[in-house]
Amino acid sequence: MEVVTRIAPSPTGDPHVGTAYVGLFSYVLAKKHGGRFIFRLEDTDRQRYQEASERRILEMFEWLGLTPDESPASGGPYAPYRQSERLPVYREHVDRLLASGHAYRAFETAEELEAMRVEQKRLGKPLGYDGRGRELARDEQERRAAAGEPHVVRLVTPDDGTTTFIDRLRGEISFANEEIRDPVILKSDGYPTYHLAVVVDDHLMGVTHVVRAEEWITSTPIHVLLYRAFGWELPEFVHMPILRNPDRTKLSKRKSDTSVDSYRRQGILPEALLNFLATLGWSMPDGREFFSLEEMTAAFDVGRVSLGEPVFDLKKLKFFNAKYLREILPLEEVAARAAPFLEEAGIDVGDDGDYLLDVVDVLRPRAETLVEIAEQAGYFFTDDFPYDEGARKQLAAGQTHLQAVERELSMLEFFDYDGVDDMLRDYVQDQAVGMGKVMMPLRAALTGTTSSPGVVDLIVILGKQRSLARIGRALTYIDAGLPDDDPQKAAEEAKRKEEAAKHAKGRQVAHARVKEG
RNA sequence: GGCCCCUUCGACUAGCGGUCAGGUCACAACCCUUUCAAGGUUGCGGCACGGGUUCGAAUCCCGUAGGGGUCACCA
């Protein structure tokens with residue numbers, strides 16, 4: 001049997017990690033069985049609709065490598081894939097339900113319904129539509145509708161008995177029918193509600209497995225009733241666990257960063273995000289924790305989805321990203337992906353690809369994201385870098401060693417890792433000082449910081465001339481008395497003073513208030 | 001509150017009647033070390049509780065508790 005799954009996001013904002021999560025499992029389930037993965041836009045809510053959202057969500061799927069077989073962008077045999085463009089389809093199906101007596105037109109106003117709810121609350125009765133619209137005679141319904149009176153169409157649901165369906169992960173789930181209260185299937189603006197649209201489209205598009213988040217379980221009986229009303233065969237339902245905030249509530253942008261675009265901008269790799277998401281609720285049969293989309297697809301078994309309530313842990317995402325950065329992806333790949341981030345940080349990468357490779361090679365064990373690589377790369381691409389406070393201290397203490405190393409280095413014959421390394425070690429031994437006494441001032445001269453890759457690596461990557469020039473520059477700087485005239489530093493200092501002033505003012509104000517009180 | 005779902009270390013999970021309850025992140029210590037990382041080793045830490053079923057339960061059943069979801073002309 002062909003397996004057809006879909007992801008059906010609403011274009012209401014940033015591409016959400018939850019959408020990526022459910023999309024991943026939908027995609028993998030379909031591909032595991034050589035089936036189709038459909039992207040359908042659920043844009044029936046005109047209030048919350050956001051123009052740019054559709055494109056960005058689609059781009060997210062491309063970026064992740066979860067390319068849909070059919071979508072609003074690529075089209076397909078069941079087009080259109082935007083629900084707002086399928087209104088006639090829904091209208092036609094609503095008419096069928098109306099004709100068969102499975103639905104009726106209801107004319108209550110929003111105020112009326114609100115009053116009903118208030119009354120139900122007051123009496124402590126269960127909330128929900130009481131079915132009052134069913135009373136209205138058919139010809140009366142049609143007459144008022146024809147007269148242009150605004151109304152909705154509701155599904156007739158049974159008053160007793162139970163509706164049962166099989167959740168692929170949880171087994172049988174049943175609801176008392178009295179809990180299901182004639183839901184609206186066509187809104188007064190002529191748009192279908194989610195319930196109607198999802199059932200009609202899933203059926204028409206041949207969807208065999210409905211993969212969606214657990215929050216939909218309670219509306220599934222409505223869908224089951226709709227399938228029955230149409231006389232259609234039920235798909236399989238796979239309700240994925242809901243991703244959680246650290247406080248275990250449903251993942252929300254209020255409490256967590258849920259935007260995939262945001263992670264992308266931070267330099268999270270799509271492979272890492274996918275791999276991390278996969279481990280939230282699924283595990284490889286052999287226990288491997290790092291695997292590609294292809295490997296997951298090959299090994300996928302929906303029965304291995306776990307039912308916990310996984311917390312979206314940013315630290316672990318970062319860990320996965322770091323792992324991909326320094327171990328899983330080849331150096332060339334990481335360099336290619338880091339380049340745009342360097343440019344973004346105002347660094348002119350130039351066209352020396354080998355140099356970039358060397359830089360990324362020493363930086364990647366020190367970074368968890370591409371942005372962090374960019375943040376640390378500055379001094380590799382400019383000779384005009386500032387010296388931070390720690391570096392100035394090292395320079396002040398290391399003048400003689402710098403002068404000596406400058407001499408030794410300029411005379412060095414074998415300029416490679418071992419050559420430089422031997423030279424420095426010999427020097428340290430001759431002087432009978434600690435390594436740090438020599439290395440730290442060198443590091444400061446070479447990078448302007450006290451934290452960096454190994455000094456020998458630095459010298460080899462920068463090259464003899466550049467290294468010498470930097471030592472020379474540092475020496476000149478020492479001669480000038482290590483002035484704190486770095487513009488960046490000065491700006492920071494000014495800002496700090498401003499902050500301090502603000503705080504002082506705040507304290508005064510607070511103080512004044514206390515006095516007044 | 002009604003209904004529905006869920007429950008193994010702080011987090012993600014393995015386990016599907018017999019295991020010293022395993023792994024990963026985080027945290028800690030140690031090693032390595034010219035700094036910062038990375039890497040290596042070790043440690044910390046768990047079957048929510050109570051009843052059953054069984055020779056034997058993390059595993060099966062029933063309760064309880066806790067957490068979550070949902071109760072719209074939003075999806």
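Visitor: Which residues of β3 point one way from the strand, and which the other way?
Guide: In this predicted model, side chains in a regular strand alternate between the two faces of the sheet. The residues of β3 are all buried, with Y104 and A106 pointing to one side. Pointing the other way from β3 are A103 and R105.

Visitor: Which strand is joined to β3 by four bridges, and in which direction do the two run?
Guide: Two bridge pairs illustrate the pairing: A103 has L155 in β4 as its partner, and R105 has V153 in β4. The strand concerned covers residues 152-155.

Visitor: What is the handedness of the β-α-β crossover from β1 to β2?
Guide: Strand β1 (residues 4-7) and β2 run parallel and are joined by four bridges, with I7 opposite F39. Between these two strands the chain passes through helix α1 (residues 17-32). The crossover is right-handed.

Visitor: Against which elements do the buried residues of α6 pack?
Guide: Helix α6 covers residues 194-204, and its buried residues are L196, A197, V198, V199, V200, D201 and D202. The helix is followed by G206, which has a positive phi near 75°. The packing partners of the buried residues are α3 (87-99), β7, β8 (209-213) and α7 (220-230).

Visitor: How many of the 10 residues of helix α9 are buried?
Guide: The buried residues of α9 are P270, E271, A272, L273, L274, N275, F276, L277 and A278. They pack against α1, α2, α8, α10 (293-299) and α11. Helix α9 (residues 270-279) is therefore largely enclosed by the rest of the structure, the number of its buried residues being nine.

Visitor: Is D182 buried or exposed?
Guide: D182 lies in the loop between β6 and β7. Its phi is positive, near 35°, although D182 is not a glycine; most residues other than glycine have a negative phi. The cut-off for burial is 20 or more other C-beta atoms within 10 Å. D182 has 21 C-beta neighbours inside 10 Å, and therefore counts as buried.

Visitor: Is R248 buried or exposed?
Guide: R248 is found in the loop between β9 (236-240) and α8 (260-265). Phi of R248 is also positive, near 80°, in a residue other than glycine. Because R248 has 11, its class is exposed.

Visitor: Which residues does the cis peptide bond join?
Guide: Most peptide bonds are trans. The bond in question has an omega of about 0°, and P80 is found in the loop between α2 (53-64) and α3. The residues joined are A79 and P80.

Visitor: Which helix gives the most residues to the surface near RNA strand B?
Guide: RNA strand B is surrounded by 64 residues, the closest being E42, D45, K250, P310 and M435. By class, this surface has 24 nonpolar, 20 polar and 20 charged residues. At least two residues each come from α4 (110-122), β6 (171-176), α11 (314-328), α19 (435-447) and α20 (455-462). With five residues, the one that gives the most is α19.

Note on methods:
Residues numbered from 1 in each chain as written. Chains lettered and ligands numbered in written order. Predicted model: local features only at pLDDT ≥ 70, side-chain atom pairs only at ≥ 80, totals over all residues. Pairing = 2+ DSSP bridges. Near = placed C-beta within 6 Å. Nonpolar A, V, L, I, M, F, W, Y, C, P; charged D, E, K, R; others polar. Buried ≥ 20, exposed ≤ 12 C-beta atoms within 10 Å, placed from the backbone. Contact = placed C-beta atoms within 7 Å. Right-handed = clockwise from strand over helix to strand, strands pointing away.
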